[in-house]
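Please examine the sequence and the model shown here. The report after it is written for a reader who is new to protein structure.

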Amino acid sequence: MEVKTKICSECNTENEEKYEYCKNCGAPLLSAEAEEFETNFNKEDFNPQHFENQSYTQNANFNSNPQYTHSNVFTETIEGLPYSDYAIFVGKKGDKYMPVFSKLEITSSKVAWHWPTAILGFLFGPLGAAIWFFYRKLYKPALLLTAIGAVLLIINAIIMGPTVANFMGSIDGEKLYSSIISGDIFDEAEKVENKESSLADIITETTDLATGILCGLFAHHIYKRHIHKTIMKYRESHADSRYYQMALSSLGGTSDGMIVLGIIILIFSSNISSLIYLLF
């Protein structure tokens, strides 16, 4: 079966049919019909040598950058967009992420282990994992994890609160006074609390484990898809091409302020859950 390709009108690079942008220079690609029409229309003005020289120069500049050839795993494009665009978008620690993105592209896989989100998930659950997503400006998954974490904290507080309250209310005044004097009341309350806390602990530990595993496995894929969608959206906005790289750096990169926000949300949610525990 004949494999259909698209020839870039800017650098004459042959691209797979699925690509919307040239894998070499990033220029928009025409459909096969439009490409054939344009080629025939400009046949007299076509200069193969011009395109060969341009392609060679761009490839030489691209491959000479050590940031883009850090790993043995290398692709010229990721999901049809130039490798360099992804690297500029990632910014800090791009040399760590780019080889992983290339490997995912080559293997057509969605799974690659990501330690930061795995550790944060294991230790602090969804609210902890959300901190990394906030840091990398992936706000939708960050807010989703935050909502899940907050709901789980509230559920645990509700599970724990009524049990101890009902136990305290079931003791009459005289028995309560004597129990407090002897110290027995605290031992009994602790036993009741521990009984219910086992359920809350199971929920918390299961959630933390699931969060750590899922985020650890799919964080790279989620990040790669986020980058692709963001770059495509920016390209389609027809913004001034002179500021293209500057825009990618601004849209991507990291935000230390969002780390602080994530930590504040984690602390605030824990305090709110404690307040709910006392109110119930």
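## Basis of the model

This is a predicted model, in which local features need pLDDT of at least 70, side-chain atom pairs count only at pLDDT 80 or more, and totals for chains, interfaces and linings use all residues. Residues are numbered from 1 along each chain as its sequence is written, and side-chain values use heavy atoms, with hydrogens and water left out.

## Helix α3

Helices are DSSP runs (H or I, at least four residues) numbered from the N terminus. Helix α3 spans residues 83-90, and eight of its eight residues are buried (under 20% relative accessible area, with exposed over 50% and partly exposed in between; 1.4 Å probe, protein chains only). After α3 comes G91, with a positive phi near 70 degrees.

## Nonpolar cores

A nonpolar core is a set of buried Ala, Val, Leu, Ile, Met, Phe, Trp, Tyr and Cys residues joined through side-chain atoms within 4.5 Å. The largest one has 34 residues, and M98, F101, F133, Y223 and I227 have the most contacts inside it. Helix α8 gives the most to this core, namely seven residues. Apart from it lies another core of six residues, including C8 and Y19.

## Aromatic pairs

Rings of Phe, Tyr and Trp (its six-membered ring) pair if their centres lie within 6.5 Å; planes under 30 degrees apart count as stacked, over 60 as edge-to-face and the rest as tilted. The whole structure holds eight aromatic pairs. The rings of W113 and W115 have centres 5.6 Å apart and planes at 80 degrees, so this pair is edge-to-face. W113 is partly exposed at 33% relative accessibility, while W115 is exposed at 54%.

Conventions
Helices (H or I, at least four residues) and strands (E, at least two) are DSSP runs, numbered from the N terminus.
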